[in-house]
Amino acid sequence: AVAETLSTERATNVRAVAVGAGDVSVEWEPVASAAMLSQKLYVSKDGGATWAFNEQSDEGPLLTPTGRSERVYSLRPLTSYAFRIDSIFSGAPGAAPSLPSASVSTLPATPSTPVGLRALNLTSTSAVLSWESLSGAVETGATSVVYLVEWGDDPGGAFSDAITIYTGSSIQVFGLLRGAPYRFRVSARNDAGLTSAPTNWFTFSSEPAVPR
């Protein structure tokens, strides 16, 4: 954090003007002073207890003395953020921070596509279809997800089986034909109603009949 200068001149009217899922546009009124060298934008997600630039960097770029807008990227979806502008003056120690903006919450985002598809515990009539679960706002794009699991036979033809909506990271399917090929794929839908792109098809075969 920067030390505070004794200057009473500070940027004013700091505000968020355009809010996305992982980015926010911020505008403000800069100090009109020939002594100002530059400005810096800081972001807080804990009500002003700590300040950084975004989720990846503590320090953002130096902005020109006359700058009055900046877009902040690498933010988390559905997270509340406040913003401030620090004015840096010639011959003054530290910087003069503005009053924080009103907090705004970023929008939900499309969830990530699940990964790690596997077919486990194969028998001649059943299989456990498994994938890696999504967690956290960055992966889910919101607060929770359900999984849409498409599965059926005939990997080379048109898909014709039902879609199962499931909250866990695996599901057991029954009624398979012995030694037959099957496929499945998974997409995620979050509580904001946004759905990820589906995974690629994962193909597997049930266990063949045991010769007598």
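For the charge check, I count Lys and Arg as positive and Asp and Glu as negative, leaving out His and the chain ends. I place each charge at NZ of Lys, CZ of Arg, CG of Asp or CD of Glu.

**Ground rules.** This is a predicted model, so I note that local features need pLDDT of at least 70 and side-chain atom pairs count only at pLDDT 80 or more, while totals for chains, interfaces and linings use all residues. Residues are numbered from 1 along each chain as its sequence is written, and side-chain values use heavy atoms, with hydrogens and water left out.

**Charges.** I looked up the mean positions of the 14 positive and 19 negative charges in the protein chain and found them 4 Å apart.

**Fold and extent.** I get 1 helix and 14 strands (DSSP runs numbered from the N terminus: H or I of at least four residues, E of at least two). The radius of gyration is 26 Å, well over the 17 Å from the globule rule for 212 residues, so the chain is more spread out than a compact globule (C-alpha atoms; the rule is 2.2 Å times the number of residues to the power 0.38). Along the principal axes, the C-alpha box is roughly 95 × 25 × 25 Å.

I find 39% of the 212 residues buried (under 20% relative accessible area, 1.4 Å probe, protein chains only). Of the contacts (heavy atoms within 4.5 Å) with a separation of 6 or more, 64% link residues 24 or more positions apart.

**S101.** I place S101 in the loop between β6 (96-97) and β7 (104-105). S101 counts as buried, at 7% relative accessibility. Leaving aside residues up to four places away in sequence, S101 touches V14, R15, A82 and F83.

Key. Buried < 20%, exposed > 50% of the residue type's maximum accessible area, 1.4 Å probe, protein only.
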